[in-house]
Structure formats: C-alpha cells, structure tokens
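Student: I have a structure open on my screen, and I would like to learn how to read it. Could you take me through some of its features?

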Amino acid sequence: MPIPQEGNKAPDFNMPSSTGANIALKDLKDKNVVMYFYPKDDTPGCTVEACGLRDSFKEIEKLNAVILGVSPDSVKSHSKFITKFQLPFTLLADEDKKCAKDYGVWVEKSMYGKKYMGVARTTFIIDKNGKIAKVFEKVKPEGHNTEIINSLKSTITADKS
C-alpha cells in the first residue's frame, strides 16, 4: 500500500497496546493523534525518538494530542521498553504488520547489501476528524519531537480558523 496522503482519511486500526487494551482509531475521536512507526524497541534510534517524545509529552498532551508508537514488537517487549525509559505514552503491537502495511511503511530495506522487509521510520499526525494532517517520512530521531509540536500547533491553528 502507498503512504496515505495529507487530507485523506487515515486507515483505521485495532491493535493490542502496552496498556493491555486494544486501541482503535475510532476510539480516539476529538483528539489529535501522533502515530509514529518505528522499527524496534530498545534500539539506539528508536530510543532517541521515544525519549524525545517522552520529554515533550506534557506539551504534546496540552495540544489535545495522544502519542501512539507502533512497531512489530510484542506487548511484552513494549512493556519492557516503557519501563526501562519511563515512557508515558502507549505503544501498539503490530505483530502481523497489518497496520504498517495499511500505512505504507512496511517496506524493503537494505543493510550491508542485504535486502529485508522492515518498518520505515514515519510519523502521521491524524486530526480530530480522522484525516491525515501531516506525514513525516524518513524521520531523523533527534529533534523529531520539536517537528511534531510545531506541526500540531499549525494544525490546531488551522482548526480554529
């Protein structure tokens, strides 16, 4: 599947979460959703990205947004990652990679000349109406939290006008 474009309806999902409950997009009406896809719990880049979001959590929350991290890791792996780095947001276990495929981020990658399938580090901001407000592709973990905050502020400003 191609990556959903800004202005399009976000693909729905329903996945097990680190809280123990399944979470679906339809459950998050009236909230902006920061949905970030990352390759693997407790790896260097993924930890930098998650800790940046942790450090900006209160500011993002004030912008009427929830953060959902999505990777193919299990709920058990997510729970360890959350505990180790005191992450205050929810991680979703996309073990069958359905959500990553629906969002167009399950892609062929290459390392040291070897090709394999994996998650492209990508973030979607989904507005309160379930539409894609912003897509960040090829995310650099450092400073991504600031990009998200700036985008949420412009999304909220656009909502009010």
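Predicted model: local features only at pLDDT ≥ 70, side-chain atom pairs only at ≥ 80, totals over all residues.

Student: Let's begin with the rings. How many aromatic pairs are there?

Tutor: Two rings count as a pair if their centres lie within 6.5 Å. By this rule, there are 7 aromatic pairs. One of them joins Tyr36 and Phe89, with 6.1 Å from centre to centre and 75 degrees between the planes, which makes the pair edge-to-face.

Student: Where do Tyr36 and Phe89 lie?

Tutor: Tyr36 belongs to strand 3 (residues 32–37), while Phe89 sits in the loop between helix 3 (75–85) and strand 5 (90–93). The pair therefore ties together parts that are 53 residues apart in sequence. Tyr36 is buried, at 0% relative accessibility, and Phe89 is buried too, at 5%.

Student: Which way are the rings of Tyr38 and Phe81 arranged: stacked, edge-to-face or tilted?

Tutor: Planes under 30 degrees apart count as stacked, those over 60 as edge-to-face and the rest as tilted. Tyr38 and Phe81 have 35 degrees between their planes, so they are tilted, and their centres are 6.2 Å apart. Tyr38 is in the loop between strand 3 and helix 1 (44–55) and Phe81 is in helix 3, so this pair links parts 43 residues apart in sequence. Both partners are buried: Tyr38 has 0% relative accessibility and Phe81 has 2%.

Student: Which residues do ring pairs link into a cluster?

Tutor: The cluster consists of Tyr36, Tyr38, Phe81, Phe85 and Phe89. A ring can also have a charged group over its face, and here Lys134 lies over the face of Phe136, 5.4 Å from the ring centre.

Student: Now the helix. How do I work out which side of it is buried?

Tutor: Here is the general idea. An α-helix has 3.6 residues a turn, so residues three or four places apart point the same way. In helix 3, the buried residues are His78, Phe81, Ile82 and Phe85. Looking down the axis, you find these buried residues within an arc of 100 degrees, so they line one face of helix 3.

Student: Which exposed residues are on the face of helix 3 turned away from that buried side?

Tutor: That face carries Lys76, Lys80, Thr83 and Lys84.

Student: What should I look for in a pocket?

Tutor: Start with the space, then turn to the lining. The largest pocket holds about 240 Å³ of space. Its lining includes Pro39, Asp73, Trp106, Lys109 and Tyr116. Strand 6 (106–111) and strand 7 (114–119) each contribute at least two residues to that lining. By type, the lining residues are 7 nonpolar, 2 polar and 3 charged.

Student: And the backbone angles?

Tutor: Most residues other than glycine have a negative phi.

Student: Where is Asp30, and is it buried or exposed?

Tutor: Asp30 is in the loop between strand 2 (22–24) and strand 3. Its phi is positive, near 70 degrees. With 59% relative accessibility, Asp30 counts as exposed.

Student: What is the phi of Asp42?

Tutor: Asp42 has a positive phi of about 60 degrees, although it is not a glycine. You will find Asp42 in the loop between strand 3 and helix 1. At 38% relative accessibility, Asp42 is partly exposed.

Notes:
Residues numbered from 1 in each chain as written. Heavy atoms only, no water. Phe/Tyr/Trp six-rings, centres within 6.5 Å; stacked < 30°, edge-to-face > 60°. Helix = DSSP H or I, 4+ residues; strand = E, 2+ residues; numbered from the N terminus. Buried < 20%, exposed > 50% of the residue type's maximum accessible area, 1.4 Å probe, protein only. Lys NZ or Arg CZ within 6 Å of the ring centre and 35° of its normal. 1 Å grid on protein atoms, 1.4 Å probe; cavity = no way out; pocket = protein on both sides within 12 Å on 5 of 7 lines; lining within 4 Å. Points joined across faces, edges and corners; volume = space filled by probe spheres on them. Nonpolar A, V, L, I, M, F, W, Y, C, P; charged D, E, K, R; others polar. Arc of directions from axis to C-beta.
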